[in-house]
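Let's take a friendly walk through a protein fold, one piece at a time. Have a look at the picture, then read on.

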Amino acid sequence: MTEKIVIMLLNTRLDAPGTLGAPFFQATVAAAMDLEVEIYFAAQTTQLLKQGVARNIFPGEGREKSVYDFMKDAHEAGVKFYACAGAMGEHGLDDTNAIPELDGKRGGGAFIGEVVEDGVVTLTY
């Protein structure tokens, strides 16, 4: 039985905002189903963790809810957000300009360690 979902945001693109709502919506649903959920931000997706960036990206034409709103929903449901430290440096993200929802820094080793555990399902976007 699945107990945990680990999501890797690697291939979603900030210039394709339609790709950015689903990972957070699905993470929120999984957390509401009492699953432990972690999202790892890698490469350019770490930019979503910088204050003001996700707030100005809207995944739908209606512009009713920003990507940051979806992120906050997920975090409030219990989803943990982790950034790749290397990608943080590459994209100018640090502790002074990160959103308050960032739970920490974890690299590829931590991600692999999670996904090989029994009871863990991995989703990549």
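## A pair of partners

In strand β5, Thr122 is the bridge partner of Val6. This comes from a predicted model. Strand β1, which covers residues 4–9, pairs with β5 in the parallel sense, and five bridges link the two.

## The sheet

Now let's step back to see the whole sheet. Five strands make up an open sheet with parallel pairing, and their order is β4-β3-β2-β1-β5. At the edges are β4 (102–105) and β5 (120–124), each of which pairs on one side only. From one strand to the next, the twist averages 25 degrees.

## Helices against the sheet

Helix α1 (residues 22–32) packs on the sheet, where it touches β1, β2 (36–41) and β3 (80–83). The direction of helix α1 makes about 160 degrees with that of β2. Helix α4, made of residues 108–115, lies across β1, β2 and β5 and runs at about 145 degrees to β1.

Helix α1 also holds Phe25. Together with Val29 and Met33, Phe25 forms a nonpolar patch on the surface, and the three have about 310 Å² of accessible area together.

## Aromatic pairs

How many aromatic pairs does a search of the whole structure find? The search finds five. Take Tyr40 and Tyr82: their ring centres are 5.7 Å apart and their planes are at 45 degrees, so this pair is tilted. Tyr40 sits in strand β2 and Tyr82 in strand β3, so the pair ties together parts that lie 42 residues apart in sequence.

Technical notes:
Residues numbered from 1 in each chain as written. Predicted model: local features only at pLDDT ≥ 70, side-chain atom pairs only at ≥ 80, totals over all residues. Heavy atoms only, no water. Pairing = 2+ DSSP bridges. Helix = DSSP H or I, 4+ residues; strand = E, 2+ residues; numbered from the N terminus. Axes fitted to C-alpha atoms, helices over the stretch in contact; angles between N-to-C directions. Contact = heavy atoms within 4.5 Å. Patch = residues over 30% accessible without salt bridge, like charges linked within 9 Å, V, L, I, M, F, W, Y side chains within 5 Å. Areas by Shrake-Rupley, 256 points an atom, 1.4 Å probe, with all protein chains shown as cover. Salt bridge = Lys/Arg side-chain N within 4 Å of Asp/Glu carboxyl O. Phe/Tyr/Trp six-rings, centres within 6.5 Å; stacked < 30°, edge-to-face > 60°.
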